[in-house]
Amino acid sequence: MLSFVAMTASSQNPFVQTWYTSDPAPMVHGDRMYVYTGHDEDNADFFWMQEWRVYSTADMVNWQDHGSPLALESFSWADDRAWAAQTIERNGKFYWYICAHSNIKKGMAIGVAVSDSPTGPFRDAIGKPLFDNGSWDNIDPTVMIDDDGQAWLMWGNPRVYYAKLNKDMISFDGEVKQFDMTEEAFGSPSMDKREKGKKYKDSYVEGPWLNKRNGTYQLLYAAGGVPEHISYSTAPSPEGPWTYAGEIMPLCDTKSFTNHCGVADFKGHSYFFYHTGKLPGGGGFGRSVAVEEFKYNPDGSFPTIMPTDEGVKPIATFNPYTKVEAETMAFSKGIKTEQREAGKKLEVYVTDIHDGDYIKLQNVELGGTCPSKFSARVASGLRGGQIEVHIDSIKGTLLGTLQVPGTGGWDCWKTLSADFKAATTTLPRTADLYFVFRGRKGPKLFNFDWWEMK
């Protein structure tokens, strides 16, 4: 298992460190990449998952935490197992296809939530499951809108179910069907048709992801059994016939016996999302989302993609001369995020801050000169602490320190400012920025909502 000491030198995979996250589903909207994830509970001994989370970025390295705008409680029919999900936009609305245990027919079921914003608030779109037949097969939905406007929904373990969606995105056009799980299509036939003693080249398990490249349909999926790798099949139509195309991410030492992928193009780059168990305390039931950049082969097929601790490079600089949510970060140590309702919006903030914890932002556009003032919105129910602002490392050049006193409560927010003593210091045009938290050792110090430099 990686320690934070090992991970912080050059790594940013997993790219969320505040919570265990799983089953990443990327979606590009406007100038941001959104990733919708599951949430593995701390210290879990199974996939006891209760909510879904959202993260977004404009540069692929600094991710804003948008909290959890969707949970089991959002669905009156769901009572357990908030497993893999995917979101898609159509006509200005965002449809989040989920799976959860149904209290109606007592198996897993497919549901759908809707919102006017990629970050919510989301609500159950139909007040009942979209598909619920009492089977435990109904997990891991994937959705795609084809070039002709036809939307397709697929899901399933250990076989693939599929259906056309109507233009309303909340009902089916026709019946739910199943693919023929053959050796030619997925590397091996379904379990009940396998020959005893025969070694097959692969096998579909779960976690389908429907993609299209150069007119060819690609179905990516977790494969092979336990532990899982990622493979894919191709077809001339979403309905097949499918042909097994090989492995994408082979078995690797990811510290997780499952894997689940999603792919997306963003600002001229192609990205492959997956999960590992590499955060401290993580593992098969404490997974964490990660990402790699890749290039398709000339014929549109996938190359072999290996997991790395380094992750991806930034594709833009980060502007610090604006109001920045504190829950925006490239890497962190020790902290958590929480949320509170503010009208119809969720406000997310950084909490569980202790002495020596820190937040890192990468490739920050300082402009070559030191900012003169730093402001932050903070709250403390005890004695507070300090925010030290460094560049390049947690012990790098100190730009200044903000003193945070007790504010009268953990929800008693105050905006405080500090002048940077190093205002005349010449700085690199771009640098990594670190907020290092100091204070009494032991207790929680303060909560941190947003910051701004001038």
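Begin by colouring the predicted chain by pLDDT, the predictor's confidence in each residue from 0 to 100. Confidence is lowest in helix α1 (residues 4-7), with a mean of 42, and highest in strand β12 (residues 151-155), at 99. Helices (H or I, at least four residues) and strands (E, at least two) are DSSP runs, numbered from the N terminus. Select residues 1-9 next: the pLDDT there is below 50, and beyond near neighbours in sequence this stretch has 22 contacts in the model, a contact being heavy atoms within 4.5 Å. Where pLDDT is low, the predicted coordinates should not be read in detail. For the chain, the mean pLDDT is 95, and 97% of its residues reach 70 or more.

Residues are numbered from 1 along each chain as its sequence is written, and side-chain values use heavy atoms, with hydrogens and water left out. As this is a predicted model, local features need pLDDT of at least 70 and side-chain atom pairs count only at pLDDT 80 or more, while totals for chains, interfaces and linings use all residues.

**Stop 1**

Select strands β19 (residues 262-266), β20 (residues 269-276) and β21 (288-294). These three strands form an open sheet in the order β19-β20-β21, with antiparallel pairing; two strands pair if DSSP finds at least two bridges between them. β19 and β21 stand at the edges with a single partner strand each, so one side of each is left without a neighbour in the sheet. From one strand to the next the twist averages 30 degrees, where axes are lines fitted to C-alpha atoms (for helices over the stretch in contact) and angles run from 0 to 180 degrees between N-to-C directions.

Five bridges join β19 to β20, and Phe 266 stands opposite His 269 in β20. In the hairpin of these strands, which has two residues between them, show Lys 267: this residue takes a positive phi near 55 degrees.

**Stop 2: aromatic pairs**

Now display the rings of Phe, Tyr and Trp (its six-membered ring), which pair if their centres lie within 6.5 Å; planes under 30 degrees apart count as stacked, over 60 as edge-to-face and the rest as tilted. A search of the whole structure finds 38 aromatic pairs.

Select Phe 46 and Trp 83, an edge-to-face pair with 6.4 Å from centre to centre and 65 degrees between the planes. Phe 46 lies in the loop between β2 (32-40) and β3 (49-57) and Trp 83 in the loop between β6 (78-80) and β7 (86-90), so the pair ties together parts that are 37 residues apart in sequence. Phe 46 is partly exposed at a relative accessible area of 25%, whereas Trp 83 is buried at 13%.

Move on to Phe 47 and Phe 285, also edge-to-face, at 4.9 Å centre to centre and 75 degrees between the planes. Phe 47 is in the loop between β2 and β3 and Phe 285 in the loop between β20 and β21, so this pair ties together parts that are 238 residues apart in sequence. Phe 47 counts as buried at 15% relative accessibility; Phe 285 is partly exposed at 25%.

Beyond residues up to four places away in sequence, Phe 257 touches residues including Phe 47, Gly 284 and Phe 285.

**Stop 3**

Select Phe 374, Phe 420, Phe 435, Phe 437, Phe 446, Phe 448 and Trp 451, which ring pairs link into a cluster. Then show Val 378, in strand β28 (residues 373-379). Val 378 counts as buried, at 0% relative accessibility. Among the residues that Val 378 touches, leaving out those up to four places away in sequence, are Phe 446 and Phe 448.

Finally, select Lys 444 and Trp 410: the charged end of Lys 444 sits over the ring of Trp 410, 4.3 Å from its centre. A charge sits over a ring if NZ of Lys or CZ of Arg is within 6 Å of the ring centre and within 35 degrees of the ring normal.

Terms used: Buried means under 20% relative accessible area, exposed over 50%, partly exposed in between (1.4 Å probe, protein chains only).
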